[in-house]
Amino acid sequence: MFHRALSGGSQALRSRFSSISWKPTGKPQQTLASEIVHAGVALHSGETVTAKLLPEAAGQGRYFVVGGVGGQVTTIAAAIGNAEDSPLCTTLSRAGARVRTVEHLLSALEACGVDNCRIEISGGDEVPVLDGSANDWVEAIQQVGLCVAEASAGNYMDKLAPFLNEPIYVSRNDSFIFGFPSPEIRITYGIDFSKVPSIGCQWFSSLINASVYLKEIAPARTFCVYEEVEKMRSAGLIQGGSAENAIVCSTTRGWLNPPLRYHDEPCRHKVLDLVGDFSLLAQNGNQGLLNAHIIAYKAGHSLHSEFIRCISRSLCSVEK
């Protein structure tokens with residue numbers, strides 16, 4: 001989340017046919033068994049903010065409730081159509097209202113199977129960053145547990161999952177994301193910080209399921225380069241950033257607040273971000289993360305979103 005976004009024009013390969021198929025998972029949609037409340041610092045504004053997660057009915061999906069123009073309450077669905085490009089985080093906006101840094105929370109909700117959830121944000125326009133990972137969200141979800149979500153008529157709804165039908169890619173300069181059809185979810189991610197030797201070039205690849213996510217992905221914290229901190233703060237960003245919610249690496253002195261949770265923690269955190277950003281494909285309480293082999297290199301929030309927009313556009317073109 002803390003990495004610097006890449007600039008330049010992007011290219012995408014798209015088909016005139018739908019890139020995905022929605023297939024039954026054989027499981028009902030789920031929601032939280034009880035509410036969750038977490039308060040903490042907002043990464044970019046530095047304000048103290050609160051996120052309250054509430055159970056929601058089947059078919060409602062995940063959505064945020066935030067203060068809007070003139071103090072009005074605005075509902076913002078966690079959907080790709082509401083995503084906007086913003087530096088160093090994923091932002092959702094609608095009707096003049098916005099909510100920032102949603103990726104860690106959405107990553108945890110998607111991976112843990114919280115398909116329907118009302119998320120109320122107060123005190124600012126950001127989700128609290130907590131320790132910079134998804135760990136606190138995952139632990140809170142495990143503590144309250146899940147239950148089958150009922151629709152308004154009292155019935156259950158089958159959960160559908162998206163399967164990629166054909167190879168698809170987006171690229172920007174030397175960054176890219178490829179997707180290949182696969183019966184299971186695998187993510188391969190590469191980063192290259194050649195000017196920061198302690199990070200360097202890293203690759204992480206794994207099948208992704210709830211068990212793997214909890215053990216290998218959720219604890220990975222966001223990271224930043226120490227020499228870029230003042231520039232980002234001068235731009236009004238990371239006002240709430242600290243050694244308590246990020247791992248900080250210097251180009252000359254290495255990691256300033258060890259120990260790392262994994263030797264490749266920065267790369268694993270990028271996988272965490274991708275799961276959260278890809279969750280924006282979810283519709284009506286269904287799965288958002290693609291059943292596909294995703295290969296990403298030097299990508300980020302902007303390119304993650306562009307990949308999902310590419311798929312979303314293919315769906316719209318087929319519907320027309």
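Predicted model: local features only at pLDDT ≥ 70, side-chain atom pairs only at ≥ 80, totals over all residues.
Residues are numbered from 1 along each chain as its sequence is written, and side-chain values use heavy atoms, with hydrogens and water left out.

## Overall architecture

The secondary structure of the protein consists of six helices and 21 strands, where helices (H or I, at least four residues) and strands (E, at least two) are DSSP runs numbered from the N terminus. The protein is as compact as a globular protein of its length, because its radius of gyration of 19 Å is close to the 20 Å that the globule rule gives for 320 residues; the radius is taken over C-alpha atoms, and the rule is 2.2 Å times the number of residues to the power 0.38. Along the principal axes, the C-alpha atoms of the protein fill a box of roughly 60 × 40 × 40 Å.

Of the 320 residues of the protein, 56% count as buried, a term that means under 20% relative accessible area, with exposed meaning over 50% and partly exposed lying in between (1.4 Å probe, protein chains only). The accessible surface of the protein comes to about 13,200 Å², and carbon and sulfur atoms account for 50% of that surface; these areas come from the Shrake-Rupley method with a 1.4 Å probe. Among contacts between residues at least 6 apart in sequence, 75% join residues at least 24 apart, a contact being heavy atoms within 4.5 Å. The protein carries 27 positive and 31 negative side chains, and the centres of the two sets lie 5 Å apart; here Lys and Arg count as positive and Asp and Glu as negative, whereas His and the chain ends are not counted, and each charge is placed at NZ of Lys, CZ of Arg, CG of Asp or CD of Glu.

Leaving aside neighbours within four places in sequence, L53 is in contact with residues including L32, I36, L105, L109, I119 and W137.

Helix 1, which spans residues 103–112, is mostly covered, with 10 of its 10 residues buried; among them are L105 and L109. In helix 2, the buried residues are N135, W137, V138, A140 and I141, and what covers the buried residues of that helix includes strand 5 (48–55), helix 1 and helix 3 (210–217). G113, with a positive phi near 85°, follows helix 1, and G145, with a positive phi of about 80°, comes just after helix 2.

## Individual buried residues

| Residue | Relative accessibility |
|---|---|
| D131 | 13% |
| S206 | 15% |
| F223 | 1% |
| L130 | 16% |

D131 is found in the loop between strand 11 (117–122) and helix 2 (135–144), and, apart from neighbours within four places in sequence, D131 is in contact with D136, R221, E244, N245, A246 and R261. D131 and V229 are 98 residues apart in sequence, and their C-alpha atoms are 18 Å apart in space. S206 belongs to strand 17 (residues 200–207) and touches I185, R186, I187 and V212, not counting residues up to four places away in sequence. F223 has its place in strand 18 (residues 223–225), and the C-alpha atoms of F223 and A243, 20 residues apart along the chain, are separated by 9.6 Å.

## Backbone geometry

Most residues other than glycine have a negative phi, and most peptide bonds are trans. L130, in the loop between strand 11 and helix 2, has a positive phi near 55°. K298, in the loop between strand 21 (292–297) and helix 6 (301–319), likewise has a positive phi, near 50°. A cis peptide bond joins P258 and P259, with omega about 5°, and P259 lies in the loop between strand 20 (254–255) and helix 5 (265–278).
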